[in-house]
Amino acid sequence: MIKKILLAIAVALPVCFAAQAQKFGIVDPESIIPGMAEYDAAQKEIAAASKTFESEYAKIQEEFKTKYEEFQKLANDTATPQAIKDRRMQEIQELNQKAEQFGQSAQQELARKQQQLMAPIQEKLVTAITAVGKEGNFTMIFPAGVPAYQAADVVDVTPLVKAKLGVKDTPAASTAAPAAK
């Protein structure tokens, strides 16, 4: 009987010590990503693509406006046959449809481009968080702001991740998440 109790204590003791040795951290990715050099390059590329799409959309809108003004002149002209008026109206409707389709495809393309450009940045961030977690012997690192309760012994590893990535604090980024004590 005593052997069983000693065996149970011997098994439970390491588990108790392991439970006490857990270390948790939080990180604020939103304050890190804008400081990464890759982020600025990605934002510039997205802005350039957006400007290109806006320019093309403006051309389509200008063409629509011109055709509509021509149609307005024809609509009031009693000498113009109805078949011509109907054809011009159909052209305007097709052009309007084309503009809507272009707008939707442009939005989809910009979203795809943003996801494509942000994926390596997010991957680099996750790699840095993982490295900080291993170096600091953290059990888990959570995104800041997610937990409903946070004990005082939870460590904010955001500065460590920023240091790992070489990201400098910006005034806006440094106030994004309160540091845990």
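# Reading the helices of a predicted chain

From the N terminus on, the order of elements in the protein chain is α-β-α-α-α-β-β-α-α. The model is a predicted one.

Visitor: What does the secondary structure of the protein chain come to?

Guide: The protein chain has 6 helices and 3 strands. Of its 181 residues, 25% count as buried. Among contacts with a separation of 6 or more, 83% are accounted for by residues 24 or more positions apart.

Visitor: How do you know that the span of helix 3 agrees with its number of residues?

Guide: Helix 3 covers residues 37-75, which is 39 residues, and at 1.5 Å a residue these should span 57 Å. The expected span is taken over one less than the number of residues. The end C-alpha atoms of helix 3 are 57 Å apart, so the two values agree.

Visitor: Which residues of helix 3 are buried, and what covers them?

Guide: The buried residues of helix 3 are Y39, A42, I46, A49, S50, I60, F71 and L74. What covers them includes helix 4, residues 82-135.

Visitor: Why is E38 called partly exposed?

Guide: The class in question lies between the limits of 20% and 50% relative accessible area. E38 has 31%, and therefore counts as partly exposed. E38 is located in helix 3. Leaving aside neighbours within four places in sequence, E38 is in contact with I121 and K124. The C-alpha atoms of E38 and I121 are 6.6 Å apart in space, while the two residues are 83 residues apart in sequence.

Visitor: Why is M118 called buried?

Guide: The relative accessible area of M118 is 12%, and buried means under 20%. M118 is therefore buried. Its place is in helix 4. Not counting residues up to four places away in sequence, M118 touches I33 and Y39. M118 and Q43 are 75 residues apart along the chain, and their C-alpha atoms are separated by 9.2 Å.

Visitor: Is Q122 buried, exposed or partly exposed, and how do you know?

Guide: Q122 has a relative accessibility of 41%. This value falls between the limits of 20% and 50%, so Q122 counts as partly exposed. Q122 lies in helix 4. Between Q122 and P29 there are 9.0 Å in space, C-alpha to C-alpha, and the two are 93 residues apart in sequence.

Visitor: What makes T80 a buried residue, and where is T80 found?

Guide: T80 is found in the loop between helix 3 and helix 4. Its relative accessibility is 11%, and the limit for a buried residue is under 20%. T80 therefore counts as buried. Apart from neighbours within four places in sequence, T80 is in contact with L74 and K85.

Visitor: How do the axes of helix 4 and helix 5 cross, and is the crossing left-handed or right-handed?

Guide: The axes of helix 4 and helix 5 (residues 158-165) come within 9 Å and cross at roughly 115°. The crossing is right-handed. On the side of helix 4, the residues that meet helix 5 are K124, L125, A128, I129, A131, V132 and E135. From helix 5, the partners are L160, V161, K164 and L165. The residues of this contact divide into 8 nonpolar, no polar and 3 charged.

Visitor: Which residues touch the most other members of the largest nonpolar core?

Guide: This core has 19 residues, and I32, I33, M36, I121, L125, V161 and L165 touch the most other members. Helix 3, helix 4 and helix 5 are the elements that give two or more residues to the core. Helix 4 gives the most, with 7 residues. In soluble globular proteins, nonpolar side chains tend to be buried together.

Visitor: Which residues does V161 touch?

Guide: Not counting residues up to four places away in sequence, V161 touches V27, I32, L125, A128, I129 and V132.

Visitor: Why is N137 called exposed, and what is its phi?

Guide: Exposed means over 50% relative accessible area. N137 has 60%, and so is exposed. N137 is found in the loop between helix 4 and strand 2, residues 140-143. Its phi is positive, about 55°, although N137 is not a glycine. Most residues other than glycine have a negative phi.

Note on methods: Residues numbered from 1 in each chain as written. Predicted model: local features only at pLDDT ≥ 70, side-chain atom pairs only at ≥ 80, totals over all residues. Heavy atoms only, no water. Helix = DSSP H or I, 4+ residues; strand = E, 2+ residues; numbered from the N terminus. Buried < 20%, exposed > 50% of the residue type's maximum accessible area, 1.4 Å probe, protein only. Contact = heavy atoms within 4.5 Å. Axes fitted to C-alpha atoms, helices over the stretch in contact; angles between N-to-C directions. Left-handed = near helix turned anticlockwise from the far one by under 90°. Nonpolar A, V, L, I, M, F, W, Y, C, P; charged D, E, K, R; others polar. Core = buried A, V, L, I, M, F, W, Y, C linked by side-chain atoms within 4.5 Å.
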